[in-house]
Every structure is written in C-alpha cells, then in structure tokens.
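Please view the sequence and the model before reading on.

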Amino acid sequence: MADKDDLKEGKNFHTHVPQTNKPFFLKGAGSLDWGMQNRLSQIFNPITGRTVMLAFDHGYFQGPTTGIERIDISIAPLIPYADVLMCTRGALRTVIPSDTKKPIVLRCSGGQSILKELSNETIAVDIEDTLRLNASAMAAQVYIGAEYEHKSISNIVKLIDTGLRYGIPTLAVTGVGAEMDRDLRYFSLATRMCAEIGAHYIKSYYFEPGFEKVVAACPVPIVIAGGKKLSEIDALEMAYKAIDQGAAGVDMGRNIFQSDHPIAMIQAVNAVVHKNEGFKQAFQLYEEIRARSATIN
C-alpha cells in the first residue's frame, strides 16, 4: 500500500499536448473492444499488418495425412518461424509445448470426415475450453453453396456471438466443394457473406483473375489458404501475388510441412509476407537455407 505521508502532487500534465488515441491498424477492426484488438494484434504483426499462419489442423477430417503423421517431429521445429499456429485442441494439448509463445487460432468446427459430406459440420469446441486453452481466435468452416450451407453459417454465427461476449475474434474459413467454380463470383459472395455476419477475418483462396476485387469488397482482412501442394516456387509466387493484391497474410499448411525443406520454406514465405520480397528472391532464400542445412548435416 502506498505511503500516504510520501504523496507528491502531480506536475507533468502536459496541458498543451492533446491526448492521442492511436487508430487500430487492422482493416475493419477499429471499433472493436480492447480485448479483441489485443488478440488480433497478436495474430497480425502491427508493423506490417500481416500474418504467417501455420495450419496443421488437417487431421480433424483427414487423419494423419502426409507431413503431419507426427506433429511433434514435423511441426514443432517450425513454430519459431510462424506468427500463428492454427490447430485443433487435441493437437495443442498433446504435442505443442505449453511454453510456446505463439498465438493460437483454434479449430472449432468438426463432425465429418473426408468419407462423408464435409459441409455437415457442427461446433466442436465449447467457449470455456477455448478460454482454458488461451486461444487468440476461433475458426470454423463456412460452406457457401454446399448441401449444408445453412448449418455451417449457423455454426460460425454462434462462434461470433459467443466470442464477442468474451473478446475472442472469429476466423471464417471458406470451404469450397469440388464442383464449385473458384472464381470472382463465388469468392466475392463467400467472403462478403462471412464479413457481413460478423467474422473478424476470413481465410479464402487465391485465384486469378479478380482476387484484388474480392479483397477490396471485403470489409475485414483476408488471408489466403495454401491449398493443395505446389512446387516451392509456385507456392511462393501465389503468396506474392496474393499479398501484392491486398491479402493480409497466408495460412499455409501442406505447402510448408510437405515441402522438401519445411524450415527453409516457412522462412521464404515470411520474406514474401513481411519483407515484400519477390517470389524469385524468396525462392533463392529457400535454396540458400536448404543448402546451408545440407552442409551442416
């Protein structure tokens, strides 16, 4: 307790200096509460306004797919190079070290496997468990145009409403069925719907032409999904084009953990996202890191 006898009158009020109220840096998040903004600033680098999310939540519907058969071996070495980890609560509890300082985006939807209709999902994580795990955001799929579109939208609405009560942002992940066209019309619809119902940021796919129009029409940040495995230079080119056209980052999984050298790849992706490197320069960085690693080993 402060000593009452040693109190001093304040003197430095700087009456000639107006109090500043720094605008929040992230698109569409300026009116959110402090807790929401604080969590979003953990996910997005306040200097660049961008993020490199490492996604390894695929097991929730794919099982032990290539590259994440052993998360403790394949993913743990990549953690220092990611801004954010996107994973399930099972993986988080069992194999991710609890002294990890990276923010967690928690996969909160589930209920179907690759053997069934994926859009028939439900909310798979309670808000209390999200809080116990100290997650910085919650994520769920939204399947616009799929058989269970309405159910997936209801799922994300419930997450948004619950998250608002506790200051936890929600990431809407646009799920695209094999029969759907990955074009301007579809992604304009899917991303705008997710933003309009209250998602705080959106994971979508890069496509050509017209991606920049989707970004411009979406009032919250868009991060791109890595999608299927590409060659390293093609994945870096995709990331470069997306960032150049307004994406606020990437959420990559297979194009990192299935790479010939995942540690080199995630560093090359970082160079594109946060240092504005061209994809050819980033690929050169990838090759240099891979070569150094081979020499050491």
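## A β-α-β unit

Strand 8, helix 8 (residues 211–217) and strand 9 form a right-handed β-α-β unit. Right-handed means that, with the strands pointing away from the viewer, the path from the first strand over the helix to the second runs clockwise. Helices (H or I, at least four residues) and strands (E, at least two) are DSSP runs numbered from the N terminus.

The model is predicted: local features need pLDDT of at least 70 and side-chain atom pairs pLDDT 80 or more, while totals for chains, interfaces and linings use all residues. Residues are numbered from 1 along each chain as its sequence is written, and side-chain values use heavy atoms, without hydrogens and water.

## Strand 8 and its neighbours

Strand 8 runs parallel to strand 7 (residues 170–174), joined by three bridges; strands pair if DSSP finds at least two bridges between them. Here L171 lies opposite Y201. Strand 8 also pairs in the parallel sense with strand 9 (residues 222–225) over three bridges, and S204 has I224 as its bridge partner.

Both faces of strand 8 (residues 201–204) are covered: Y201 and K203 on one side, I202 and S204 on the other, are all buried (under 20% relative accessible area, with exposed over 50% and partly exposed in between; 1.4 Å probe, protein chains only).

## Aromatic pairs

The whole structure holds nine aromatic pairs (Phe, Tyr or Trp rings, the six-membered one for Trp, with centres within 6.5 Å; planes under 30 degrees apart are stacked, over 60 edge-to-face, the rest tilted). The ring centres of F24 and F25 are 4.7 Å apart and their planes stand at 50°, so this pair is tilted.

For F44 and Y201, the centres are 5.1 Å apart and the planes at 80°, so the pair is edge-to-face. This pair links distant parts of the chain, 157 residues apart, and both F44 and Y201 are buried.
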